[in-house]
Amino acid sequence: MEKLVEAFALHAAAQNDSVRQVDAKTANKHAKKVNEAFDKLCAHGDAGRDALAALFIHPRMDVRVKAAAFLLRHRTDEATVVLNVTVRPVTCRDA
């Protein structure tokens with residue numbers, strides 16, 4: 001399962017990098033790979049989803065957020081913490 005978690009992280013990061021480079025075709029390719037890795041992890045049941053939670057402390061924020069979004073139903077409290085820590089409130093000064 002570790003290889004699947006690594007694949008999820010690799011493709012989540014690559015997807016976001018492709019979006020930043022305005023390369024939709026490549027971003028979509030990586031999005032499909034993210035979904036494939038998640039589906040394979042889910043085939044392992046709770047153990048597979050629990051393995052993905054290791055990405056909650058990944059160095060890249062976008063990978064942490066993607067993992068949290070995919071695990072909101074399974075690991076609600078932990079995923080919510082990841083998302084809340086990641087998002088900072090927007091104030092009028094930010095506009």
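Author: Let us begin with the terms for accessibility: a residue is called buried under 20% relative accessible area and exposed over 50%, while partly exposed covers what lies in between. The model to which we apply them is a predicted one.

Reader: How many aromatic pairs does the structure hold, and how should I read their geometry?

Author: The general idea is that two rings pair if their centres lie within 6.5 Å, and that planes over 60 degrees apart count as edge-to-face. In this structure there are two aromatic pairs. One of them joins Phe8 and Phe70, with 5.2 Å from centre to centre and 85 degrees between the planes, and is therefore edge-to-face by the angle rule.

Reader: Which helices hold Phe8 and Phe70, and how many residues apart are they in sequence?

Author: Phe8 belongs to helix 1 (residues 2-20) and Phe70 to helix 4 (residues 61-70), so their contact ties together parts that are 62 residues apart in sequence.

Reader: Is Phe8 buried or exposed, and how does Phe70 count at its relative accessibility?

Author: Phe8 has a relative accessibility of 0% and so counts as buried, whereas Phe70, at 26%, counts as partly exposed. Phe70 also takes part in an aromatic pair with Phe38, again edge-to-face, with the centres 4.9 Å apart and 75 degrees between the planes. Since Phe38 lies in helix 2 (residues 24-42) and Phe70 in helix 4, this pair ties together parts that are 32 residues apart in sequence. Phe38 is buried, because its relative accessibility is 14%. Taken together, the ring pairs link Phe8, Phe38 and Phe70 into a cluster.

Reader: With which residue does Arg20 form a salt bridge whose closest N and O atoms are 3.8 Å apart?

Author: That partner is Asp62. Arg20 lies in helix 1 and Asp62 in helix 4, so the pair ties together parts that are 42 residues apart in sequence. Asp62 counts as buried, its relative accessibility being 13%. Beyond this pair, a network of salt bridges links Asp17, Arg20, Arg60 and Asp62.

Reader: Where do Lys33 and Glu36 lie, and what is the N to O distance of their salt bridge?

Author: Lys33 and Glu36 both lie in helix 2, three residues apart, or about one turn of the helix, and their side chains meet at 4.0 Å, N to O. Lys33, at 37% relative accessibility, counts as partly exposed, and Glu36, with a relative accessible area of 39%, is partly exposed as well.

Terms used
Residues numbered from 1 in each chain as written. Predicted model: local features only at pLDDT ≥ 70, side-chain atom pairs only at ≥ 80, totals over all residues. Heavy atoms only, no water. Phe/Tyr/Trp six-rings, centres within 6.5 Å; stacked < 30°, edge-to-face > 60°. Helix = DSSP H or I, 4+ residues; strand = E, 2+ residues; numbered from the N terminus. Buried < 20%, exposed > 50% of the residue type's maximum accessible area, 1.4 Å probe, protein only.
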